[in-house]
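A short report follows the structure.

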Amino acid sequence: MGAFLEKPLTAKHNEHGEGNGLKYGVGSMQGWRCEMEDAHFAKTGLGDGMENWNYFAVFDGHAGHKVADHCAKNLLQSIIRTQEFSNNEITKGIYSGFLKLDQSMRDIPELASGADKSGTTAVCAFISSKNVYIANCGDSRAVLCRNSTPIFSTQDHKPILPGEKQRIQNAGGSVMIQRVNGSLAVSRALGDYDFKNVNHLGQCEQLVSPEPEIFCQDRDPADEFLVLACDGVWDVMSNANLCQFVHSRMQITDCLEDIANQVIDTCLHKGSRDNMSIIIIAFPGAPTPSEEAIKKEEKLEAILRKKIEDIVTDMGANVEYGLLLKRLGDEDIPELPPGGGIEAKCSFVSAVFKELCPKLAETCEVGSY
């Protein structure tokens, strides 16, 4: 299957933490890809006079994981060690830190020799008591949510964007099949040095640029949560749908790891075939579990169970899990998770199906139907 496995690897990597009034949960999954190329970093309280600062980042590697792993370990220090950051010029410090890291990685032996040609997108956030600074380079995305609605998101750096396309052409390249030289699907990234060798052009004027786009948002008591995620999530869920879904799950559980896992499982069932990584950062204004929402979810699951039992009985000897999902998708089922739909309840559907048809339990796996 080329770059894909016969069945997705659905084991999750999770982390969680809290500090400075924030809570965060991380979920990542290899999925259909033959290799896990995502990386991430999360830390509340940065120390050395920055105890009130917090940092979160997601990296989506391609052509290997080396650059993504290196950036996850080193981007924070590359930024906070800049003179600009020390002078409280945060935006300039983030900008300088990205470019310095991209330059320094050229000296890593495998990258210098060309033996490793990997690169990575990056999206990161610095959160202080008053501000949220967000930087992105590539098509990993950050979305800030208030009242279950996205009020800010980064723009994906794709080769077809007019400004990106112009830079690529100025560097002697072209955009074919929406890719840089018909090859790379993002127009900005760290690493990818095969696309950064036009000697007479500056660091940010190459076919692929390491230049981050940086935004500063004032914190608001109405802020609910910030999501950082790679394109494996955004390929199948819109900003609005993801905000609605996470908002609704926060009313049922306060475990952000569990919500992160529900997001990537939902995206898998919606058809994502990429690695998936997501960090959910909850602000003090985030929703909390409510008895009403929990009872509504219990009612939904009772309705779903009855429908599953009826459909399985109706199928008789020809029972199939894939057909069950299709028929459930055609049903008008009230109160499905907003933004998630029936795909958000596939884990529940699978558990009920295994209970009713234990001999067909293996057919519930994604890729088996």
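In this predicted model, helix 9 (residues 291-315) packs against helix 10 (residues 321-330) at an angle of about 125°. Their axes lie 10 Å apart. Helix 9 and helix 10 are therefore oblique to each other. Angles from 65 to 115 degrees would count as roughly perpendicular, and those over 145 as roughly antiparallel. Helix 9 passes helix 10 in a right-handed crossing.

Which residues meet where helix 9 touches helix 10? Helix 9 brings L304, K307, I308, I311, D314 and M315. Helix 10 answers with L323, L324, R327 and L328. By class, seven residues of this contact are nonpolar, three are charged and none is polar.

K307 sits in helix 9. Setting aside neighbours within four places in sequence, K307 is in contact with L328, E331 and I333. I333 is 26 residues away from K307 in sequence. In space, the C-alpha atoms of K307 and I333 are 9.3 Å apart.

Helix 10 has another partner. Helix 10 and helix 11 pack at an angle of about 130°, with axes 11 Å apart. That angle makes helix 10 oblique to helix 11. The crossing of helix 10 and helix 11 is right-handed. On the helix 10 side, the contact uses Y321, L324, L325 and L328. On the helix 11 side, C346, V349, S350 and F353 take part. Seven of the contact residues are nonpolar, one is polar and none is charged.

Next comes the pair of helix 7 (residues 239-250) and helix 8. Their axes come within 10 Å and cross at roughly 140°. Helix 7 and helix 8 are therefore oblique to each other. Helix 7 passes helix 8 in a right-handed crossing. Helix 7 contributes L242, F245, V246, R249 and M250 to the contact. Helix 8 contributes L256, I259, Q262, V263 and T266. This contact has seven nonpolar residues, two polar and one charged.

Now for the empty spaces. Rolling a probe the size of a water molecule over the atoms shows where empty space is left.

| Pocket | Volume | Lining by class |
|---|---|---|
| Largest pocket | about 600 Å³ | seven nonpolar, six polar, 10 charged residues |
| Second largest pocket | about 290 Å³ | six nonpolar, four polar, five charged residues |

The largest pocket has a volume of about 600 Å³. Which residues lie closest to the centre of the largest pocket? Of its 23 lining residues, they are R33, R179, A185, D231 and D274. Strand 4 (residues 54-62) gives the most to this lining, with three residues.

The second largest pocket is lined by 15 residues. Nearest its centre are T10, H269, C364, E365 and V366. Strand 1 (4-19), helix 8 (256-269) and helix 11 (346-356) each supply at least two residues of its lining.

Conventions
Residues are numbered from 1 along each chain as its sequence is written. This is a predicted model: local features need pLDDT of at least 70, side-chain atom pairs count only at pLDDT 80 or more; totals for chains, interfaces and linings use all residues. Side-chain values use heavy atoms; hydrogens and water are left out. Helices (H or I, at least four residues) and strands (E, at least two) are DSSP runs, numbered from the N terminus. Contact means heavy atoms within 4.5 Å. Axes are lines fitted to C-alpha atoms, for helices over the stretch in contact, and angles run from 0 to 180 degrees between N-to-C directions. Angles under 35 degrees count as roughly parallel, over 145 as roughly antiparallel, 65 to 115 as roughly perpendicular and the rest as oblique. A crossing is left-handed if the near helix is turned anticlockwise from the far one by less than a right angle, and right-handed if clockwise. Ala, Val, Leu, Ile, Met, Phe, Trp, Tyr, Cys and Pro count as nonpolar, Asp, Glu, Lys and Arg as charged, and the others, Gly among them, as polar. On a 1 Å grid over the protein atoms alone, a cavity is a set of points where a 1.4 Å probe fits but cannot get out, and a pocket is an open set with protein on both sides within 12 Å along at least five of seven lines; lining residues have an atom within 4 Å of a point. Grid points are joined across faces, edges and corners, and a volume is the space filled by probe spheres set on the points.
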